[in-house]
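Hello,

Please find below the structure that I promised to pass on to you.

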Amino acid sequence: MATQYGVKAKKGLGQHFLADESIAQRIVGGLILPAEDGRQLQVLEIGPGTGVLTKYMLQNPQIKLEVCEIDTESIEYLQKTYPQMLYSLQQRDFLQVPLEKIFSGEFAVIGNFPYNISSQIFFKVLDYKETIPQVVCMLQKEVAERLASGPGNKSYGILSVLLQAWYNIEYLFTVPEHVFVPPPKVKSGVIRLVRNSRTSLGCDEALFKKVVKTCFNQRRKTIRNSIKPILAELGRNFTPDNTPEPLAALMELRPEQLSVEQFVELVQLVTA
C-alpha cells in the first residue's frame with residue numbers, strides 16, 4: 001500500500017496524496033485573498049491528508065484555516081507536524097458536519113477532492129452558496145472540464161448547470177498522474193468557482209433542480225419528451241399544437257443545448 005510521510009493512502013477514502021510542492025503552491029495561489037491588509041480569508045480545507053496544501057495556507061497570515069478530515073492517521077500526522085493546528089484538528093466529515101458550526105460568516109473551500117464524493121461535495125456547496133463565495137479544488141480532469149463546460153458540449157451536465165447558475169467557473173490547469181502517491185489512473189484538473197451576482201433564479205428553485213436533473217437523465221430525448229411526467233404533476237398539458245412560443249422552441253431542444261438562463265426560462269414558462 002502506498003504511503004506518504006508514513007500515512008497510508010486508503011482506497012476506500014479515495015486518497016491520492018499530492019507530492020509536488022509547486023503544484024500545491026499553485027492550487028493555494030488560486031484563492032482570491034482580501035485586497036485590504038489585515039483582513040483574513042476564512043478557508044475550509046477538505047481532506048488535507050498529509051498537509052501539502054495546508055502548509056502553504058498556514059504560512060499565509062491572510063488565511064484563517066480550518067480543516068475537515070475523517071482519516072485518523074492523517075489527523076495524527078497533521079497534529080505532530082503542525083502543532084499550531086491542534087485547536088482545529090478534530091475528526092469531522094465535510095458531508096455531515098453543519099458548516100455554520102465551523103465558521104460564522106463567509107468562507108472559501110479548498111481541497112484535493114476525493115473523486116468518489118466530489119459530486120456530493122458540490123451539492124453541499126450549493127446548499128451553502130450564500131456563505132461560500134469561492135471554491136478552489138482539484139478533481140478528476142473529466143469532471144473538472146464538465147463543470148466548467150458550457151452548453152453545446154457533450155460533457156455539459158447536471159452539475160454544470162446547477163453550479164453555473166450561482167458560480168463563475170474557471171478551469172485553471174491540468175495535473176499529471178505521476179505527481180501523486182499513489183498515482184491515479186487519470187489526470188486531474190484544478191478549477192475555481194467564484195460566486196456570481198445572482199441573488200435569485202426568478203423561478204421555483206426546487207422545480208428548476210428537478211427539471212435539470214430529469215432532462216439530463218434522459219439527455220437523448222427532447223425537453224418535451226423528458227419533462228412530460230413533471231408537466232403532468234403540475235397539471236399542464238402542452239401538446240405540439242397548443243404550446244406557445246418561445247416554450248415550443250425550448251421544448252424541441254435537448255438538455256445540453258440549453259444555457260442556465262434558458263433552463264430558468266423553461267421553468268418560468270411551464271409554471272406561468
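A crossing of two helices is called left-handed if the near helix is turned anticlockwise from the far one by less than a right angle, and right-handed if clockwise; helices themselves are DSSP runs (H or I, at least four residues), numbered from the N terminus. Please keep in mind that this is a predicted model, in which local features need pLDDT of at least 70 and side-chain atom pairs count only at pLDDT 80 or more, while totals for chains, interfaces and linings use all residues. Residues are numbered from 1 along each chain as its sequence is written, and side-chain values use heavy atoms, with hydrogens and water left out.

By that definition, the crossing of helix 7 and helix 11 is right-handed. Helix 7 covers residues 205–217 and helix 11 covers residues 260–271, and the two pack at about 110 degrees with their axes 10 Å apart (axes are lines fitted to C-alpha atoms over the stretch in contact, and angles run from 0 to 180 degrees between N-to-C directions). The two helices are therefore roughly perpendicular, a term that covers 65 to 115 degrees.

Where they meet, helix 7 contributes residues including L207, F208 and V211, and helix 11 contributes residues including V260, F263 and L266, contact meaning heavy atoms within 4.5 Å.

Further along, V270 is also placed in helix 11, and V270 counts as buried because its relative accessibility is 4%, buried meaning under 20% relative accessible area with a 1.4 Å probe, protein chains only. Leaving aside neighbours within four places in sequence, V270 is in contact with I227, L231, L234, R236, F238 and L247.

Best wishes

Key: Angles under 35 degrees count as roughly parallel, over 145 as roughly antiparallel, 65 to 115 as roughly perpendicular and the rest as oblique. Buried means under 20% relative accessible area, exposed over 50%, partly exposed in between (1.4 Å probe, protein chains only).
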